[in-house]
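The sequence and the structure are shown first.

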Amino acid sequence: MRKLIDDAGGYLTYIEIHPFTNTAHQGWYNLKVITVWEGARSGPEEQVKYDMNLSPDAFRNLKDLLNEM
């Protein structure tokens, strides 16, 4: 799932969350923070700013933190 979290005038920030596909890490998630610059001459340019794998406990802690804000 990819969700837009900020639009700063052509500079977009997305968060993307997918279940981790490695069977040795059941219940883990992959989280990416991606920026897209729509004003680039060559067309939209995308960069992955953060790419992390979260254990079930870490993912639950992240969700709890966001829910508390």
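## Basis of the description

Two strands are taken to pair if DSSP finds at least two bridges between them. The model discussed here is predicted.

## Secondary structure

The four strands form an open sheet in the order β1-β2-β3-β4, with antiparallel pairing. At the edges lie β1 (2–7) and β4 (45–54), each of which pairs on one side only. From one strand to the next, the twist averages 20 degrees.

Within this sheet, strand β2 (residues 11–19) is paired with strand β3 (residues 29–37) in the antiparallel sense, and nine bridges connect them. L12 has V36 in β3 standing opposite.

## The helix and its packing

Helix α1, comprising residues 56–68, packs on the sheet and touches β2, β3 and β4. The direction of helix α1 makes about 115 degrees with that of β4.

L66 belongs to helix α1. This residue is also one of the members of a nonpolar surface patch, together with L65 and M69. The accessible area of the three residues together is about 360 Å².

## Overall dimensions

The radius of gyration of the protein chain is 14 Å, whereas a compact globule of 69 residues would have a value near 11 Å. Taken along the principal axes, the box filled by the C-alpha atoms of the protein chain is roughly 40 × 30 × 15 Å.

Methods. Residues numbered from 1 in each chain as written. Predicted model: local features only at pLDDT ≥ 70, side-chain atom pairs only at ≥ 80, totals over all residues. Heavy atoms only, no water. Helix = DSSP H or I, 4+ residues; strand = E, 2+ residues; numbered from the N terminus. Axes fitted to C-alpha atoms, helices over the stretch in contact; angles between N-to-C directions. Contact = heavy atoms within 4.5 Å. Patch = residues over 30% accessible without salt bridge, like charges linked within 9 Å, V, L, I, M, F, W, Y side chains within 5 Å. Areas by Shrake-Rupley, 256 points an atom, 1.4 Å probe, with all protein chains shown as cover. Salt bridge = Lys/Arg side-chain N within 4 Å of Asp/Glu carboxyl O. Rg over C-alpha atoms; globule rule 2.2 N^0.38 Å.
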